[in-house]
Amino acid sequence: MANNDTIKKTVIVALSLCLVCSVIVSTAAVVLKPAQEANKQLDYNRNILAAADLLEEGADVNELLKQITPKLVDLSTGKFVSVDDVDGISDLAKYDQNKAAKDPALSDKLSKGDDPAKILRKEKYAKVFLVQAEDGSVEKIVLPIKGYGLWGQLYGFLALGADLNSVVGVGFYDHKETPGLGGEVDNPAWKANWVGKQMYAADGSIALKVLKAKAPADAKHEIDGLSGATLTTRGVENLFHYWLGADGYGPLLNNLKKGEA
Ligand SMILES: Cc1cc2nc3c(=O)[nH]c(=O)nc-3n(C[C@H](O)[C@H](O)[C@H](O)COP(=O)(O)O)c2cc1C
């Protein structure tokens with residue numbers, strides 16, 4: 001009988017097993033990638049609809065999306081631009097501003113003093129989503145937002161109503177905050193707290209505050225804090241201030257108010 005208990009045979013069996021397993025894992029990764037990407041896109045779209053208060057359980061997401069028009073915005077001017085006029089972006093449907101923020105041709109590095117949301121680089125172009133009335137006026141606008149919490153970047157959407165001030169919805173589709181603490185940003189009750197709140201004061205300054213405690217019932221600009229998660233809530237306030245301000249969507253919102261976007 002052949003002796004199987006040799007170092008050579010043990011090594012051959014171990015290496016063969018590694019090879020077979022790595023082929024299985026690599027094949028699974030390649031085969032499943034398109035399905036993963038499609039699911040990610042579906043989740044992104046569901047979050048846009050949820051922020052705009054247009055998500056209906058059981059309804060077809062692609063049908064619901066027909067109510068929404070994506071638009072490319074030059075963040076430096078706050079004006080809508082066509083992909084035909086922008087080098088490096090050829091298809092609006094495929095444009096991913098989070099990926100663009102990592103591309104030196106499509107983003108700018110932020111210095112520490114200019115980066116309260118701690119995003120490190122800012123994309124030059126944002127893809128926002130409009131819900132328009134028949135006459136073309138903006139009924140709702142969904143703005144992608146992001147910024148650092150405690151453990152990493154939070155990515156989400158802020159939807160404003162026709163006054164470009166009152167919140168229609170807020171949600172984060174990706175973050176690394178701790179479930180039960182900072183992860184409570186996903187809590188439907190906390191998100192409901194944002195609805196109807198005004199982001200700007202009458203003089204146009206950003207008035208939003210995320211409190212440490214509970215906001216008074218009649219608060220116009222104040223949001224309840226998340227208990228045990230002061231650092232996440234501070235990050236959330238910072239990122240909202242950044243994206244609502246002059247370096248974020250401030251110029252776009254001002255242009256839209258004047259009908260000049
Ligand atoms: C394991 C662990 C996870 C934590 N996760 C979070 C978090 O996601 N967000 C957060 O703001 N604080 C988190 N904290 C708590 C912070 O360290 C800090 O104590 C807290 O933000 C203070 O909030 P408070 O002033 O409301 O108590 C975590 C702490 C521990 C030990």
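User: How do the residues of the shell around the ligand divide into nonpolar, polar and charged?

Analyst: Happy to start there. This is a predicted model, where local features need pLDDT of at least 70, side-chain atom pairs count only at pLDDT 80 or more, and totals for chains, interfaces and linings use all residues. Residues are numbered from 1 along each chain as its sequence is written. Ala, Val, Leu, Ile, Met, Phe, Trp, Tyr, Cys and Pro count as nonpolar, Asp, Glu, Lys and Arg as charged, and the others, Gly among them, as polar. The shell has 4 nonpolar, 6 polar and 1 charged.

User: Which residues are around the ligand?

Analyst: A residue is near a molecule if its C-beta atom, placed from the backbone, lies within 6 Å of it. The residues around the ligand are L150, E177, T178, L181, G182, S227, G228, A229, T230, L231 and T232.

User: How many bridges join strand 6 to strand 7?

Analyst: Strands are DSSP runs (E, at least two residues) numbered from the N terminus, and two of them pair if DSSP finds at least two bridges between them. Strand 7 covers residues 153-161 and runs antiparallel to strand 6. One of the bridges links V142 with A159 in strand 7. The number of bridges joining these strands is 9.

User: How many residues of strand 6 are buried?

Analyst: Buried means that 20 or more other C-beta atoms, placed from the backbone, lie within 10 Å of the residue's own. Strand 6 spans residues 138-148 and is largely enclosed by the rest of the structure. The buried count is 10 of the 11 residues.

How values were computed:
Buried ≥ 20, exposed ≤ 12 C-beta atoms within 10 Å, placed from the backbone. Helix = DSSP H or I, 4+ residues; strand = E, 2+ residues; numbered from the N terminus.
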